[in-house]
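Subject: Structure for your files

Hello,

Here is the structure I promised. Please open it next to this message; my notes follow below.

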Amino acid sequence: MTTNMYRKVLLLCDGWAFMIVIVVVYYLLLLLQMQTGFLFQATLMRLEFDKFTIPAASLSLFDIVAVLVLIPIMDHLVYPLVSYCGISFTPLRRIGVGMLLASASVIVAGVIEIYRRNTWTDGGFCVQTVFNETRNASSVNVFWQIPQFVLVGSSEVLMVITGM
């Protein structure tokens with residue numbers, strides 16, 4: 001391609017359009033974290049309890065429940081209250097807050113991972129079977145992952161529902 005063709009492509013890619021593409025790609029990467037990184041992290045945490053075992057992928061239900069609970073709360077309580085207070089909570093601001101919540105979920109996952117690894121290296125581990133493999137896992141309870149799934153669900157309410 002010639003430099004003239006590059007200039008034409010850049011002119012087509014308006015600055016705002018380029019930013020929107022970057023934001024969408026960033027958000028989709030954060031959502032993929034939930035299906036890959038969060039799941040892998042769950043397999044390395046304690047899944048087996050006295051009378052039951054939790055499948056690692058079942059924690060994504062907390063994301064779904066957060067979305068189902070928060071949509072009516074946001075529509076009937078939060079948005080009218082914010083509007084009543086005189087704050088303009090525009091769709092762009094909702095999307096921005098949704099991005100911050102998605103980023104917060106990854107930060108929470110990182111903090112939990114540090115805690116999980118430190119517990120494991122200090123001798124706090126258990127032996128369990130995950131995906132038909134016996135492996136050593138941290139003794140940290142898998143339910144510590146609930147906040148990161150709820151944050152992802154909250155971000156979906158603000159970002160995805162607003163963008164529809």
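Helices (H or I, at least four residues) and strands (E, at least two) are DSSP runs, numbered from the N terminus. Arginine 116 sits in one of them, helix α5.

Two points on the source. This is a predicted model, in which local features need pLDDT of at least 70, side-chain atom pairs count only at pLDDT 80 or more, and totals for chains, interfaces and linings use all residues. Residues are numbered from 1 along each chain as its sequence is written, and side-chain values use heavy atoms, with hydrogens and water left out.

**Overall layout**

The chain has six helices and two strands. Their order along the sequence is α-α-α-α-α-β-β-α. Of the 164 residues, 31% are buried. Buried means under 20% relative accessible area, exposed means over 50%, and partly exposed is in between (1.4 Å probe, protein chains only). Contact means heavy atoms within 4.5 Å. Among contacts in the chain with a separation of 6 or more, 77% join residues 24 or more positions apart.

**Helix α4 against helix α6**

Two packed helices are described by the angle between their axes and the distance between the axes. Helix α4 covers residues 61–84 and helix α6 covers residues 146–163. Their axes come within 8 Å and cross at roughly 50°. That angle makes α4 oblique to α6. The axes are lines fitted to C-alpha atoms, for helices over the stretch in contact, and angles run from 0 to 180 degrees between N-to-C directions. Angles under 35 degrees count as roughly parallel, over 145 as roughly antiparallel, 65 to 115 as roughly perpendicular and the rest as oblique.

The crossing of α4 and α6 is right-handed. A crossing is right-handed if the near helix is turned clockwise from the far one by less than a right angle, and left-handed if anticlockwise. On the α4 side, the contact includes Phe62, Ala66, Val67 and Leu70. On the α6 side, it includes Phe149, Gly153, Glu156 and Val157. By class, the residues of this contact are 14 nonpolar, three polar and two charged. Here Ala, Val, Leu, Ile, Met, Phe, Trp, Tyr, Cys and Pro count as nonpolar, Asp, Glu, Lys and Arg as charged, and the others, Gly among them, as polar.

Valine 67 belongs to α4. Which residues does valine 67 touch, not counting residues up to four places away in sequence? They are Gly153, Glu156 and Val157. Valine 67 and glycine 153 are 86 residues apart in sequence, yet 5.1 Å apart in space, C-alpha to C-alpha. Valine 67 counts as buried because its relative accessible area is 15%.

**Helix α5 against helix α6**

Helix α5 runs over residues 91–121. The axes of α5 and α6 come within 8 Å and cross at roughly 160°. The two are therefore roughly antiparallel. This crossing is left-handed. The contact has 15 nonpolar, six polar and one charged residues.

Back to arginine 116: is it buried or exposed? Arginine 116 is buried, at 5% relative accessible area. Its contacts, leaving aside neighbours within four places in sequence, are Gln41, Leu44, Met45, Ser138 and Val140. Leucine 92 is also in α5, but counts as exposed at 66% relative accessibility.

**Cysteines**

A search of the whole structure found zero disulfides (pairs of cysteine sulfur atoms within 2.5 Å). Cysteine 85 is exposed, at 54% relative accessible area. Cysteine 126 is buried, at 19%.

Best wishes
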